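Welcome, and please take a moment to look at the sequence and the model side by side.

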Amino acid sequence: MANSIIKHVSIIMDGNGRWAKERNMPRSYGHRKGIDAVKKIINASLVRQISTLTLFAFSSENWIRPTNEVKLLMTLFRESILNNMESLHENNIRVAFIGDLSKFDRALKKYIHTLEELTKHNTGLELNFAVNYGGKWDIINAVNQAIGTKSHSNEIYINKNDIEQNLSFYKNHPDLMIRTAGEHRLSNFMLWQHAYTELYFTDTLWPDFDEEKFDDAIKFFHNKTRKFGGLKSVKQIEQNDK
Ligand code: IPE
Ligand code: IPE
Ligand code: MG
C-alpha cells in the first residue's frame, strides 16, 4: 500500500568501473556511460514529479583513487556542466552542489558557481550533486557553523535543529535511497539525513540503471510502511489527523 508520497530520492551511483571491466574497457568508459544514466534519471524524475534528486557523484574518500582517474572525473564534471547547463535551465531545474567544494580547482569551482547562479530561481526539480561529499564532514561542518552562530549567546549547547539547519542539505531528508552495483553500505553518504530513509539496493551497475529500474525502486518504496518509530503507518497518522 502506498502510504507516503515520494518527494526526495537520493542515489549512490556505483558500478561504473565494473561495468567497463565486464566489457574489457577502461574505467573511464564506464564513467562516461554513467553520465548517460544520470541524464535518464534526471528526466525520469521530472516526469515522475519528484521534487528533489540528490546524486552522489564523488565522495570525500574518492581522492585516494589513482590520479588519472580523479583527473578524468574532474574533467567529466566540467564537461557535463558545460554541455548540460542550458537544458537543465530550460527544464526549470535548480541545481546545487553539496560537499567541500574548496578542494576543486578554480575552473571547476567557476563552472559550479555559474550553474548554481543560472538556475537558482528555478522552481521545478531540485537537483543536488554531492561532490567531495562525506556525511561525517557534513555533520562536523554543521556543528562548527552552529557553534559560530552561538558564540555571542549564552546558550552553548548544540541541539538537533542547530545541526539540521547547518547541514549541506537540510530541507527534506531523502524518502528513498537507491544504491546500484550490489554493495549494501552507505559509504559515508548523508549519514544524518538517511536516518529514516527507505534503503533500496540493486545489483544493476549504474550505467545500466534506467527508467524501468528506477520504477522498480519506486515500487519498492510504495510497498513499505513508514512508521518513524511509531506503531501506525504515516498514512494512518495523516488520516487520523484530519
Ligand atoms: C561510481 O562507480 C562512480 C564514482 C565513485 C565516482 P565506481 O567508479 O565506484 O565503480 P566500481 O565500484 O569500481 O565498479
Ligand atoms: C560511493 O562509491 C561513492 C560514489 C558513488 C560517489 P564508492 O565506490 O566510492 O564506494 P566504496 O568504496 O565501494 O564503499
Ligand atoms: Mg564503487
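Strands, such as the ones named below, are DSSP runs of E with at least two residues, and they are numbered from the N terminus. Please keep in mind that this is a predicted model.

Let us begin with the strands. Strand β1 covers residues 8-12, and β1 pairs with β2 in the parallel sense over 5 bridges. To find this pairing in the model, look for His 8, whose bridge partner in β2 is Thr 52. On we go to β4, which is joined to β2 by 7 bridges, again with the two strands running parallel. Here Leu 55 has Phe 129 in β4 as its bridge partner. Strand β2 is mostly covered, with 7 of its 8 residues buried.

Another pair is formed by β5 and β6, which run parallel over 4 bridges. In this pair, Leu 176 stands opposite Glu 198 in β6. In a regular strand the side chains alternate between the two faces of the sheet.

Is Ser 10 buried or exposed? Its relative accessibility is 0%, so Ser 10 counts as buried, the cut-off for buried being under 20%. Leaving aside neighbours within four places in sequence, Ser 10 is in contact with Thr 54, Pro 174, Leu 176, Met 177, Ile 178, Phe 189 and His 194.

What about open space? Rolling a probe the size of a water molecule over the atoms shows where empty space is left. The largest pocket has a volume of about 1,000 Å³. Lining this pocket are 43 residues, and Met 13, Asn 16, Phe 56, Ala 57 and Phe 77 lie nearest its centre. The elements that give two or more residues to the lining are α1 (16-22), α2 (27-47), β2 (52-59), α3, α4 (106-119) and β4 (126-133). By class, the lining has 21 nonpolar, 13 polar and 9 charged residues.

Finally, let us visit the loop between β5 (176-179) and β6 (198-201), where Ala 181 has its place. Most residues other than glycine have a negative phi, and most peptide bonds are trans. Ala 181, although not a glycine, has a positive phi of about 75°. With a relative accessible area of 5%, Ala 181 is buried. Asn 188 is also found in the loop between β5 and β6. Its phi is positive too, at about 70°, although Asn 188 is not a glycine. Asn 188 has a relative accessibility of 13% and therefore counts as buried.

Note on methods
Residues numbered from 1 in each chain as written. Chains lettered and ligands numbered in written order. Predicted model: local features only at pLDDT ≥ 70, side-chain atom pairs only at ≥ 80, totals over all residues. Heavy atoms only, no water. 1 Å grid on protein atoms, 1.4 Å probe; cavity = no way out; pocket = protein on both sides within 12 Å on 5 of 7 lines; lining within 4 Å. Points joined across faces, edges and corners; volume = space filled by probe spheres on them. Nonpolar A, V, L, I, M, F, W, Y, C, P; charged D, E, K, R; others polar. Buried < 20%, exposed > 50% of the residue type's maximum accessible area, 1.4 Å probe, protein only. Contact = heavy atoms within 4.5 Å. Pairing = 2+ DSSP bridges.
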